[in-house]
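Welcome! Let's take a friendly walk through a protein chain and its ligand, one part at a time. Have a look at the picture before reading on.

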Amino acid sequence: MSQAEITIEDQRAEALLSVSPSADYSTGGEDQDSKNVLIALDHISKTYKMGEFEIHALRGISLQIHKGEFVAIMGTSGSGKSTTMNILGCLDKPSKGSYFLDNEDVSKLSKDQLADIRNRKIGFVFQGFNLLSRTSALENVELPMLYLGIKNPERTRRAKEALELVGLGERINNMPNQLSGGQQQRVAIARALVTQPSIILADEPTGNLDSRTSVEVMEVFQFLNNERGITIALVTHETDIAQYAKRMVVFKDGKIKRDQLVKVRRSAKLELEQMPPIDFEEDDE
Ligand code: ADP
Ligand code: MG
């Protein structure tokens, strides 16, 4: 697959506000293209009211994400990244504009309807892992399936399978405090993918991890995207981390400032192969 490179001219804000120039849509034709659109934000604004003040967190952003993409969302603090993720994840509603997820307009749904969409279609991974502390890795991963009413031999089978997929097949009975930060984040990734969501949303998933562990977590995301075709949108403020994605969208002051393919993509797997083996004493540093 050839990666169409984006020129500076292509990055002009006007173009970015209507269509994303980054994906290679040239071969599919319009019908094919629209079938593969997973997320379409159309002129989304979000205004928070603080007493008599209004904070314009998002000022009319339009963004499309296709199935199978791996998008890094970047930008300085306060630029609107988390607000965008909350809207994408159906945790919050836009003040204006429309949001289509899997061709369904979700911007006008009620809270209950949003919760249902969220349980079925979105997998979340957060900076702080958000695992239940007195609950084993296996039970943490089973939890979202409880909400979906998936019954027990099936629930445990799928949870084990997801934990094996993230390399934790031997740790399923460990409690979170018996796992390293990187392992806890992999449990959180397993929990996010066990319901077979349309997209995994990760907000600063490596923010609490050291650099080697960050690479290990990015390897899991790259594996899920490359080998399993799972669509991922990941917020990070680190360019280093964004380079594991396929596309980078940069926010500034509630707008999209830049949207481009990652030209030289990093491979976490290759980098890990080249690192010296871990010295086990390092664990509790
Ligand atoms: P980022 O994740 O890029 O740091 P956010 O999306 O969290 O940025 O915030 C964008 C802007 O909206 C900031 O000015 C922030 O202070 C404001 N903001 C975010 N959430 C709220 C909220 N719940 N109430 C009021 N203002 C908010
Ligand atoms: Mg944020």
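This is a predicted model: local features need pLDDT of at least 70, side-chain atom pairs count only at pLDDT 80 or more; totals for chains, interfaces and linings use all residues.

The buried ones are Q183, Q184, Q185, R186, V187, A188, I189, A190, R191, A192 and L193.

What covers the buried residues of α7? The cover includes the helices α5 (137–147), α6 (152–165) and α8 (211–228), along with the strands β6 (122–126) and β7 (199–203).

## Checking the length of α7

Helix α7 runs over residues 181–193, and at 1.5 Å a residue its 13 residues should span 18 Å. The expected span is 1.5 Å times one less than the number of residues. In the model, the end C-alpha atoms of α7 are 19 Å apart, which agrees with the expectation.

## Around the ligand

Which residues surround ligand 1? They are Y48, M50, I55, A57, G75, S77, G78, S79, G80, K81, S82 and T83. By class, this shell has 7 polar, 4 nonpolar and 1 charged residues.

Three elements, β1 (37–50), β2 (53–66) and α3 (81–88), each supply at least two residues of the shell. Helix α3 gives the most, with 3 residues.

## The chain as a whole

Among contacts between residues at least 6 apart in sequence, 69% join residues at least 24 apart.

Conventions:
Residues are numbered from 1 along each chain as its sequence is written. Chains are lettered from A and ligands numbered from 1 in the order in which they are written. A residue is near a molecule or strand if its C-beta atom, placed from the backbone, lies within 6 Å of it. Helices (H or I, at least four residues) and strands (E, at least two) are DSSP runs, numbered from the N terminus. Ala, Val, Leu, Ile, Met, Phe, Trp, Tyr, Cys and Pro count as nonpolar, Asp, Glu, Lys and Arg as charged, and the others, Gly among them, as polar. Two residues are in contact if their C-beta atoms, placed from the backbone, lie within 7 Å. A residue is buried if 20 or more other C-beta atoms lie within 10 Å of its own, exposed if 12 or fewer, and partly exposed in between; C-beta atoms are placed from the backbone.
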